[in-house]
Amino acid sequence: MSERPRPCHILTVSVEDYFQSHDLAAQVRFKQWERLESRIEREVDVTIERLARHGVHATFFVSGWTAERH
């Protein structure tokens with residue numbers, strides 16, 4: 001009897017700060033982003049630690065604005 005192929009899962013993470021949400025565009029303008037506190041570093045660190053704990057790999061997508069800021 002042949003073994004069933006192991007399923008392959010792909011995980012991607014879009015790295016955005018809370019204020020970059022399209023839903024908040026009317027309340028938080030792009031010009032204001034620079035003045036707002038970022039939570040990205042803390043949350044990405046937590047996410048990476050959790051993924052590592054379970055041996056999970058992922059691809060992280062980061063906008064140019066976010067990459068330049070951090």
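Guide: The expected span of a helix is 1.5 Å times one less than its number of residues, where helices (H or I, at least four residues) and strands (E, at least two) are DSSP runs, numbered from the N terminus. This is a predicted model, in which local features need pLDDT of at least 70 and side-chain atom pairs count only at pLDDT 80 or more, while totals for chains, interfaces and linings use all residues. Residues are numbered from 1 along each chain as its sequence is written, and side-chain values use heavy atoms, with hydrogens and water left out.

After α1 comes G55, which has a positive phi, near 65 degrees. Within helix α1 sits E43, which is partly exposed because its relative accessible area is 40% (buried means under 20%, exposed over 50%, and partly exposed in between, with a 1.4 Å probe and protein chains only). Although E43 and D17 are 26 residues apart along the chain, their C-alpha atoms are separated by 9.4 Å.

Around this helix, the protein has two helices and two strands, and read along the sequence they follow the pattern β-α-β-α. Its radius of gyration is 17 Å, well over the 11 Å that the globule rule gives for 70 residues, so the protein is more spread out than a compact globule (the radius is taken over C-alpha atoms, and the rule is 2.2 Å times the number of residues to the power 0.38). Along its principal axes, the C-alpha trace spans about 60 × 20 × 20 Å, and 14% of the 70 residues count as buried.

Strand β2, residues 59-62, includes T59, which counts as partly exposed because its relative accessibility is 42%. Leaving aside residues up to four places away in sequence, T59 touches L11, T12 and V13, a contact being heavy atoms within 4.5 Å. The C-alpha atoms of T59 and L24, which are 35 residues apart along the chain, are separated by 26 Å. Among contacts in the protein between residues at least 6 apart in sequence, 65% join residues at least 24 apart.
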